Amino acid sequence: MKFYRIREDVAPRYTGNLNAAHKWGLPGSEPCPICGLHGGGTAAQYPCVDLSHLPAEEQKKLSDPWPVPYEEFVRLRELVRPWAPPGAVLKTGTKFGPLTGTASGHFGQLFMQNPWSLYVRREALEKLQAAGVRGLQGCPMNVRFRQKNHPDLLDLQLELSGRFHPDCLPRDLAPPCSTCGRTEGFSLPEPSILAAASLPEALDVFRLADWSALIIASERMVEAVRRLELDGVVFQPMEVR
């Protein structure tokens, strides 16, 4: 099976723009009391997760990205964990809830506002699901379009899976902290190589667990997109070893 990085199609006809943000998110965190590392954020987004049932005071804390003491971050993380999908990665910067704001311009059948966000028109999602593409969960958005004839755009909630092959990583990379799970940062490997044994068999689109801003598609999804003549994104082949 071949795998590809999904990237925005930058052709001039795609003028779509979302001036919007997810309603809630885990804040930043002060350094871990054990390893002393800070950061370790994620681009993971769970737009189908509804936290509106939480007390207003807690929702306010989950709307402020400013760093909090590590113990407070852990409390907020565990507060939202029961409502997150099983196995969800809950690091600093994790987003929840519907995308809220305004939108304008022309959107393709698939759309990327940035490298770590993927959106799809409802009719395109239905076609891909009917074609057997796995891992696509569309979430409604609370977005007001400026034009009348606008698409029914959905925010995709993607699972995290897959790893880089050790051959493309720094050789002296330390193991994650046993308390906070953070590691010393490293740049996106160039070229990036995927570890074949880590890639999911049951997902055709996912975020890479080692670099959550990378959205990966399987050969099955790429073939379906091309067969259905869906537009808005391009696919960059990735080396698998």
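Predicted model: local features only at pLDDT ≥ 70, side-chain atom pairs only at ≥ 80, totals over all residues.
Which residue just after α4 takes a positive phi? That is E229, at about 60°.

Six strands make up an open sheet with mixed pairing, and the order across it is β10-β12-β13-β1-β14-β11. The edge positions belong to β10, residues 160–161, and β11, residues 193–194. Each of these has a single partner strand, so one side of each has no neighbour in the sheet.

Now, which residues of α4 are buried? They are M221, V222, A224 and V225. Around the helix axis they cover an arc of only 165°, so they lie on the same side of α4. R226 and R227, on the other side of α4, are exposed. The cover over the buried residues includes β1, β12, β13 and β14, and also β5, residues 110–114, and α3, residues 122–130.

In general, nonpolar side chains in soluble globular proteins tend to be buried together. The largest core in this model has 24 residues, and I6, L118, L128, V205 and F235 have the most contacts inside it. At least two residues each come from β1, β5, β6, α3, β9, β13, α4 and β14. The largest share is that of α4, with four residues.

Take L128 as an example. Leaving aside residues up to four places away in sequence, L128 touches L110, V133, L136, A224, V225, L228 and L230. Two of the names in that list, A224 and V225, are also among the buried residues of α4. There is a second, separate core as well, with 16 residues, including Y46, V49, L51 and V80.

Last topic, the cysteines. How many disulfides does the structure hold? One. The disulfide joins C48 to C139, with an S to S distance of 1.8 Å. The angle about the S-S bond is -100°, and the link is left-handed. C48 is in the loop between β3 and α1, while C139 is in strand β7, so the bond ties together parts that are 91 residues apart in sequence. The two ends also have their own accessibility values: C48 is partly exposed at 33% relative accessibility, whereas C139 is buried at 0%.

Two further cysteines deserve a mention. C32 is in no disulfide, and the nearest cysteine sulfur to it belongs to C180, 3.8 Å away. C32 is buried, with a relative accessible area of 3%. C35 is likewise in no disulfide, and its nearest cysteine sulfur is again that of C180, at 3.7 Å. C35, for its part, counts as partly exposed, at 33% relative accessibility.

Terms used. Residues numbered from 1 in each chain as written. Heavy atoms only, no water. Pairing = 2+ DSSP bridges. Disulfide = S-S within 2.5 Å. Buried < 20%, exposed > 50% of the residue type's maximum accessible area, 1.4 Å probe, protein only. Arc of directions from axis to C-beta. Contact = heavy atoms within 4.5 Å. Core = buried A, V, L, I, M, F, W, Y, C linked by side-chain atoms within 4.5 Å.
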